[in-house]
Amino acid sequence: MTLQWVALGVVVFFGLLRLPAAIRGENRVIFTVLLLMSLVMALSIPFFYLPLDSLLGGVNVANLVIRYSLFAIFLILGLKLAAAFDAQRARRAIGGPAGRCVLAGSAVLVAVLFWLSDLPESSTGLAAYWDQDAVHAYGDVAGLYPVYVGGCLIPALVAYTADSRRRNDIRISAGLMSLGFSAVVIHSVLGLTVLGLNVGAWDRVLPYGAVILVTLGLALLWNSQRIAKRHPQPGLLARAYGSR
């Protein structure tokens, strides 16, 4: 629970730092991502989840909100980061027919499996219902699109991190985000194997650690864009990250 509060605090803090620029019309897309990440992190905590789900009917619709918010986060981040790091192959994979099919298929299957599950009362993370096969399938399917986007981005982020010709702050940003997306992939893969039965604390450390790493990477990328504005140099990174 402590790690969940830390992750929420990190995302909200950097979201508030971005708020003045978003009001001015700068980087509203990234601010939207941070806003959605704040919502997801808040709904992972019973203090926020239970009252909100109660307002939505008390049948765990709030968990469905988490899943679709994550789809939106990974779609936006995937396209934005692929452009920022000049990863054309990743951009085509995420924004092209294959990416759209994975997204649409995941969205439909998540809705169907949610409807098939018996979820009569609010339960944060659906912890009270993990004895149902439909709930297990719901969780597994919900992780497919994040894994797909992460798998598309990781090679480009790792390559950028290893490129000594790049600016150090942007290399660190790429490295943090590559670790974050790797944690997402590892967590989902573990959940699909027998190892997922014994992950213990890693079931919290991996996903919430991923949120912290990606948020810090975005913050460094934002700072590098601010520096680029003070000392203008034409380049794809500044244009991609600085665009709305």
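Begin by selecting leucine 113 and serine 117, where the backbone oxygen of leucine 113 lies 2.7 Å from a polar atom of the serine 117 side chain; keep in mind, as you look, that this is a predicted model.

Is serine 117 buried or exposed? Serine 117 counts as buried, because its relative accessibility is 10% and the cut-off for buried is under 20%. If you now display its surroundings, leaving aside neighbours within four places in sequence, serine 117 is in contact with Gln132, Ala134 and Val135.

Next, turn to the largest nonpolar core, which has 62 residues, and select Met41, Leu77, Leu81, Phe85, Leu153, Met177 and Phe181, the members that touch the most other members. Helix H4 (residues 61-84) supplies the largest share of this core, namely ten residues. From that group, pick leucine 77 and, again setting aside neighbours within four places in sequence, look for its contacts with Val33, Ala82, Leu153, Phe181, Val214 and Leu218.

For the last stop, move to the surface and select Val12, Leu16, Leu19 and Ile23, which form a nonpolar patch with about 350 Å² of accessible area together. Isoleucine 23, one of these residues, has its place in helix H1 (residues 2-23). Isoleucine 23 counts as exposed because its relative accessibility is 62%, where exposed requires over 50%. In soluble globular proteins, nonpolar side chains tend to be buried together.

Terms used:
Residues numbered from 1 in each chain as written. Predicted model: local features only at pLDDT ≥ 70, side-chain atom pairs only at ≥ 80, totals over all residues. Heavy atoms only, no water. Core = buried A, V, L, I, M, F, W, Y, C linked by side-chain atoms within 4.5 Å. Buried < 20%, exposed > 50% of the residue type's maximum accessible area, 1.4 Å probe, protein only. Helix = DSSP H or I, 4+ residues; strand = E, 2+ residues; numbered from the N terminus. Contact = heavy atoms within 4.5 Å. Polar contact = N/O pair within 3.5 Å; in protein donor to acceptor, adjacent residues only side chain to side chain. Patch = residues over 30% accessible without salt bridge, like charges linked within 9 Å, V, L, I, M, F, W, Y side chains within 5 Å. Areas by Shrake-Rupley, 256 points an atom, 1.4 Å probe, with all protein chains shown as cover. Salt bridge = Lys/Arg side-chain N within 4 Å of Asp/Glu carboxyl O.
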